Structures are given as C-alpha cells and as structure tokens.
Amino acid sequence: MEDGPVNLREFQELAKRNLPKMYYDYFSGGAEDQFTLRENVEAFQRIMLRPRILVDVSKIDMSTTLLGYNMSSPILVAPTGSQQLAHPQGELATARAAAACNAIMVLSFASNYSLEDVASTCNAVRFYQLYVCSGFLNKLFGPLFDTFCLRFHCFITCSFEQFLQVFKRRDVSATLLQRAERNGYKAIVVTVDTPRLGRREADEKNKMIIPRNSNLEGLISVDADLTGGSKLEAYASETLDPSLSWKDIEWLKSITKLPIILKGIITAEDARKAVDAGVSGIVVSNHGGRQLDYTPPTISVLEEVVKAVSGAVPVLLDGGVRRGTDVFKALALGAKAVMIGRPVVYGLAANGEHGVRSVIKMLQNELELTMALAGCPTLRDITRNHVMINHERPRSLL
Ligand SMILES: Cc1cc2nc3c(=O)[nH]c(=O)nc-3n(C[C@H](O)[C@H](O)[C@H](O)COP(=O)(O)O)c2cc1C
Ligand SMILES: CCCCCCC(=O)C(=O)O
C-alpha cells in the first residue's frame, strides 16, 4: 500500500490526481498572475523563529476560545464553496471531520449541501459565511432608486427604506441569517472582499460550471449569460451585490443576534472602521489570492491590522497557512487563530472525511511540536519575540 501524505502539501498532489482538471484548477487557482496566491505561502518562509530553551514543555496546551467557544487549537476551517466537486459527501464530510478535531468550521454561502443538512450531520460549533446578494431587478433599476433616495432622502419613510431593502433582494440575506440562527450557527462571517469575483484565468479557459447552491434554492433565480468563459464568474456577477457598503454592516447587525465577523480586511484603515461599526471579529484575508491580485500576503499585513484594532476584537488570519510553524508565526504576530482553505479541500478530494481529519490533525500536531521546540507550553507563551521577519535580521547574521 502506498504511504500516506506526511505534510499538507502532499495532499495537493493527491487531489490533483483524483480530480478532473476543471475542478482541480478551480480549487487551486488564484486571480490573474497569481502573484498573491504564491506570496501568501512564500511570505511565511521569510519569517524565522526565535526559540527559547530550557522551558518545561512536557505538557503542551493548544486549547483556546473564540467568541467564548472552546477550540482544541487555534485552527479553523475557512469557508470554501462547492465541496461536492471534491467529494460526493462535500460539506457533510468536512463538518464531521472538523467536529472530530474540535475545530470550528465556517460553512460557505456557496455550499453544495444546505446549511440545514450540514447542521444536522453532527453536533459542533459552526459559523456561517454570508455573501450579500443582489437581485435581477436591482441590477436593472438599482442606480435609479439610489438616485431617487439621495434626492428625496428627507421624505423617505422607514417603510420605504424597508421596501428598498426588499427590492435590493436584501430579503435573501435576511432569510439566510434567520436560517443560520435557527440551525444553531454561532456567528456570521461576512465576506467583504468580493463585490465581484476575481478573474481566474484557468476557470475562464475551462469554462467553469456553476455548482449547485442548495442554500439559494427557491430564493433567487439567476439569469446569467452562460455563453462566455467562466460560467461561475457570470453567475457571481448576477448574484453578488457590488453596492454593499459600511451602512449595510449596521443593517446586518440590526437583523441578527449573532456576532458578525468581517472577512477580507487587509488595511489598518478598514480594521479601524470595522471596530467602529461594532463587528465582533476580523479575518485578515485576501481570499487566498483569488480576488485582487497584487494585494500583499496576509501574514505581512497582520501586525498592521492587529495594532489598529488594539485588542478591541479578535483578529484571525487566512491565506497560505500550510505548516504548524505558519500557525505559530501568525499567533506571534498577534492573530487569535488561523483558518485553512485549500488544504481542507485537498484532504477532502484525497480521502473524504478521513482526508480532512488527517489535514487538520496534521496541522495541529505540527503546531504542538513547534510550541514544544520553541519553548512555549501554552498559546499565551507565544510572543512577538519568538519571530523575526527576514529583513529584521541582526547585522551580525547578514
Ligand atoms: C475553492 C475555494 C473556494 C472558496 N470559497 C469561498 C467562499 O465561498 N466564501 C469565502 O468567503 N471565501 C472563499 N474562499 C476563500 C477562503 O475562505 C480562504 O480565504 C482562502 O482559501 C485561504 O487561503 P488558503 O486556501 O491559502 O488557505 C474560497 C477559497 C477557495 C480555494
Ligand atoms: C455567488 C457565488 C460565488 C461563489 C464564489 C466562491 C468563492 O468565494 C471562490 O473564491 O471561489
């Protein structure tokens, strides 16, 4: 029998072998030149570790909490859409694997299995990721109505504002939030880096299909132009609302009791605005290099965001986390936890639920070893002094 993977990267090879090219390219690809995709991984390799010695590391405790929920380690499953393209059990398998590892899964808005199916597959703490939707009518008449509102703002009654929200198909988002609440999801992760889908050239060449989105069945019908390149891109441009703005965060907060986390912030300016808007958390993310290419690797902007937030809310990071040492580096630079995207999908494609479980466990084990070797028995012991960014190398070492 062939030996199994010994690190997360080897799962990618297995996934490539198991998947049709169109699906593998969709999962692995990034936007345009894929500069940010590569940099997310490589930037971690420019950070060195500064271990401390003669610390008692006979017991390592990786446990932590997020928004009051216990986790066995500071590793979450990032929202990734269309997991049935990787394995027939899709999000159900991922949910069960995450639960077995006591890791929080963030279920994607673009899941193939519905949020109800995922909730009933096993008992665990889960978050729901939301894209705010646009409607067909909104595309046609939205600008007209926006102008009308601006002109006659003083005459607009509350009910008219409500009408406008319905007109903009905000009712779809409101329904999804209610369903997430009803089904026991504990937080809403609003993705804010995707007013439109980034240009993924492989998807264009492959004429990427539109995977099934069970959550939207009966809620939204899309009249996408299916003749061009990536059908997913055409579908997304019909579905996502590019007019989403800070005032809508206020509105989202007003219609749900669940804490709101914003995913896709990479500047201090936006981090401060997010705190002012009253969110409960921030994910430093460039969407795994799939949206705006030439944004900086997330690990390089983490400290800037952490400083801007100055402890007001937890800051998470995703993008390029492939090693326990990467998790350690992110924590040293101020992250409360990290999320992993592609490695989970590769594990799923390699070996279903078991594959995802192996991916999460492997990363947890690597983090545990890193903490032992760096002299950090608990997460609280990991500090900024445990890392050194390459350009900070002391002159004597150059
Ligand atoms: C195939 C794929 C699908 C994704 N789908 C979503 C999604 O539906 N919603 C979302 O907020 N982010 C989505 N993302 C972005 C991930 O949540 C995450 O930000 C990114 O994958 C982290 O980078 P990594 O893959 O290097 O770990 C997706 C990423 C991939 C690779
Ligand atoms: C409106 C559905 C868009 C799905 C996009 C999923 C995603 O975020 C990705 O990066 O791919």
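**Close-up 1. His287, the residue that UniProt lists for "active site" in an unreviewed entry.** This is a predicted model, in which local features need pLDDT of at least 70 and side-chain atom pairs count only at pLDDT 80 or more, while totals for chains, interfaces and linings use all residues. Residues are numbered from 1 along each chain as its sequence is written, and chains are lettered from A and ligands numbered from 1 in the order in which they are written. UniProt positions are given in this numbering, with feature names shortened, and the annotations may be inferred rather than shown by experiment. His287 is found in the loop between β9 (281-284) and α13 (298-309); helices (H or I, at least four residues) and strands (E, at least two) are DSSP runs, numbered from the N terminus. His287 counts as buried because it has 26 C-beta neighbours inside 10 Å; a residue is buried if 20 or more other C-beta atoms lie within 10 Å of its own, exposed if 12 or fewer, and partly exposed in between, with C-beta atoms placed from the backbone. Leaving aside neighbours within four places in sequence, His287 is in contact with Asp193, Thr194 and Gly264, where contact means that the C-beta atoms of two residues, placed from the backbone, lie within 7 Å.

**Close-up 2. Tyr26 and Tyr131, two residues among those that carry the UniProt feature "binding site".** The unreviewed entry places this feature at Tyr26, Tyr131, Arg200, Lys263, His287 and Arg290. Tyr26 lies in helix α2, and it counts as buried because 25 C-beta neighbours fall inside 10 Å. Beyond the residues within four places in sequence, Tyr26 is in contact with Leu85, Asp203 and Met208. Tyr131, in turn, is found in the loop between β6 and α6 (136-151) and counts as buried because it has 23 C-beta neighbours inside 10 Å. With neighbours within four places in sequence again left aside, the contacts of Tyr131 are Phe109, Thr191, Thr194 and Leu240.

**Close-up 3. The residues around ligand 1 and ligand 2.** A residue is placed near a molecule if its C-beta atom, placed from the backbone, lies within 6 Å of it. Of the 25 residues around ligand 1, Gly81, Thr191, Gly288, Gly341 and Arg342 come nearest, and the elements that give two or more residues to this shell are α2 (21-28) and α15 (342-374). The shell around ligand 1 divides into nine nonpolar, twelve polar and four charged residues; Ala, Val, Leu, Ile, Met, Phe, Trp, Tyr, Cys and Pro count as nonpolar, Asp, Glu, Lys and Arg as charged, and the others, Gly among them, as polar. Ligand 2 is surrounded by Gly81, Ala110, Tyr131, Ala236, Thr239, Leu240, His287 and Arg290, a shell of four nonpolar, three polar and one charged residue.

**Close-up 4. Strand β8 and the strands that pair with it.** Strand β8 (residues 260-265) is mostly covered, with six of its six residues buried. Two strands pair if DSSP finds at least two bridges between them. Strand β7 (residues 188-191) is joined to β8 by four bridges and runs parallel to it, and in this pairing Ile188 stands opposite Ile260 in β8. β8 and β9 also pair in the parallel sense, over four bridges, and here Lys263 stands opposite Val283 in β9.

**Close-up 5. The largest nonpolar core, with Val284 as one of its members.** A nonpolar core is a set of buried Ala, Val, Leu, Ile, Met, Phe, Trp, Tyr and Cys residues joined through C-beta atoms within 7 Å. Of the 115 residues in this core, Ile282, Val284, Val305 and Val338 touch the most other members, and α15 gives the most to the core, with 14 residues. The contacts of Val284, leaving aside neighbours within four places in sequence, include Ile265, Ile266, Val301, Leu302 and Val305.

**Close-up 6. Helix α4 and Cys122.** Helix α4 (residues 90-100) is mostly covered, since nine of its eleven residues are buried, and what covers those buried residues includes β4 (75-77), β5 (105-107), α5, β6 and α15. Asn102, which follows α4, has a positive phi, near 50°. Cys122 is found in the loop between α5 (115-121) and β6 (126-130), and it counts as partly exposed because it has 15 C-beta neighbours inside 10 Å. Not counting residues up to four places away in sequence, Cys122 touches Ala95, Arg96 and Ala99.
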